[in-house]
Amino acid sequence: MKQKVIAYGRVREEAQEQLRAKYDLHVFSGEEDLNDKAFTEALAEADGIIGLGMQVDADFLAHAPKLKGISNVSVGYDNLDLEELTKRGIAATNTPGVLNDTTADAIFGLLLATARRIPELDRYVKVGNWKSGLSDSKFGIDVHHRKLGIIGMGRIGEAIAKRGYGGFDMEILYHNRSRKPEVEEKYEAAYRELDDLLQEADYVCLMTPLTPDTRHLMGREQFKRMKEDAIFVNGSRGETVDEDALVEALQQGEILAAGLDVFQEEPVPADHPLLQLENTVTTPHIGSATGATEDKMSLLASQNLDAVLQGRRPPNLLNEAAMRDNK
């Protein structure tokens, strides 16, 4: 009898076909929860789960007694309770690497769009307000030869540093849990304590994972330390930022502008104060959202899950102890 797999959310067709060839695959939209009878019935028999974003905690796992592995179609895994998964011997995986450049492109594009006020000026032209030369009040600010401060120098952070250093002659500052000598050498990057980075950088780009230590890493005190003409960009997770503090900083001119790809609540409510501000540029969590990259992520997630279900160590295992303890 084939093992049973649940796929939900953004699992691309090619990955679904690969899984369907070997497993009894049940596909859901990703909008389901534990009150959905069809979903919980499938969950009760599932050997594996693949998808993006569903909160997997003790309550969820209580409905999945046969589960052997869960494969996140993302580099982030803050939706997974790794301690609980490990306790139950359930392997967890993610998809790092394949989305680095695509996400870095999106976040650096967000930085450029915010600095040069591209969405605002696009609307200005389209509604017919461009009737004469631009006044200084519509000018943006330079990106080239400015200081780019990156908080979280992982793979994507490094890809952003590469774009800033190699393409725009930016001076790279960074803050990370540990020093990155190879990044310092390649991009002449200078390590800074967080407060120092905030005070020096013209652009502050937040790229940390969401952990208990990084929740609301950027709050009132942090925004007050930034330059008044600095721009903040968040490409990490919404909960790494105190959004009330960010609104206040933008309204009071403590910082110049913000580019945001992530929000504490997603989709972000239409009446959210951040969406009412002219000095914000917002995108709907598009970091990895190209067809080619989404295909690669789904295929890697499929390979991860297949390895777990076949008793092999997957390429991107997050909780080594889960498989070690099951040997």
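In which helix is the place of Ala-106? In this predicted model, Ala-106 lies in helix 5, an element that spans residues 100–115 and whose axis comes within 8 Å of that of helix 7.

**Helix 5 against helix 7**

- The axes of helix 5 and helix 7, the latter covering residues 155–168, cross at roughly 55 degrees, and because of that angle helix 5 is described as oblique to helix 7.
- The handedness of the crossing between helix 5 and helix 7 is right-handed.
- On the helix 5 side, the residues that meet helix 7 are Asn-100, Asp-101, Thr-103, Ala-104, Asp-105, Ile-107, Phe-108 and Leu-112, and their counterparts in helix 7 are Arg-155, Ile-156, Ala-159, Ile-160, Arg-163, Gly-164 and Phe-168.
- By residue class, the contact of helix 5 with helix 7 is made up of eight nonpolar, three polar and four charged residues.

**The nonpolar cores**

- The largest nonpolar core holds 29 residues, and the members that touch the most other members are Leu-148, Ile-160, Ile-172 and Tyr-203.
- Ile-172, when residues up to four places away in sequence are not counted, touches Leu-148, Ile-150, Met-153, Ala-161, Gly-164, Tyr-165, Tyr-187, Glu-188, Ala-189 and Ala-190.

- Ala-106 and Ile-160 are separated by 54 residues in sequence, while in space their C-alpha atoms are 9.6 Å apart.
- Once its neighbours within four places in sequence are left aside, Ala-106 is in contact with Ile-286 and Gly-287.

**Glu-84 in helix 4**

- Glu-84 is placed in helix 4, which runs over residues 82–87.
- The relative accessibility of Glu-84 is 11%, and Glu-84 therefore counts as buried, since the cut-off for that class is under 20%.
- Apart from its neighbours within four places in sequence, Glu-84 is in contact with Ala-58 and Leu-61.

Key
Residues numbered from 1 in each chain as written. Predicted model: local features only at pLDDT ≥ 70, side-chain atom pairs only at ≥ 80, totals over all residues. Heavy atoms only, no water. Axes fitted to C-alpha atoms, helices over the stretch in contact; angles between N-to-C directions. Helix = DSSP H or I, 4+ residues; strand = E, 2+ residues; numbered from the N terminus. Parallel < 35°, antiparallel > 145°, perpendicular 65-115°, else oblique. Left-handed = near helix turned anticlockwise from the far one by under 90°. Contact = heavy atoms within 4.5 Å. Nonpolar A, V, L, I, M, F, W, Y, C, P; charged D, E, K, R; others polar. Core = buried A, V, L, I, M, F, W, Y, C linked by side-chain atoms within 4.5 Å. Buried < 20%, exposed > 50% of the residue type's maximum accessible area, 1.4 Å probe, protein only.
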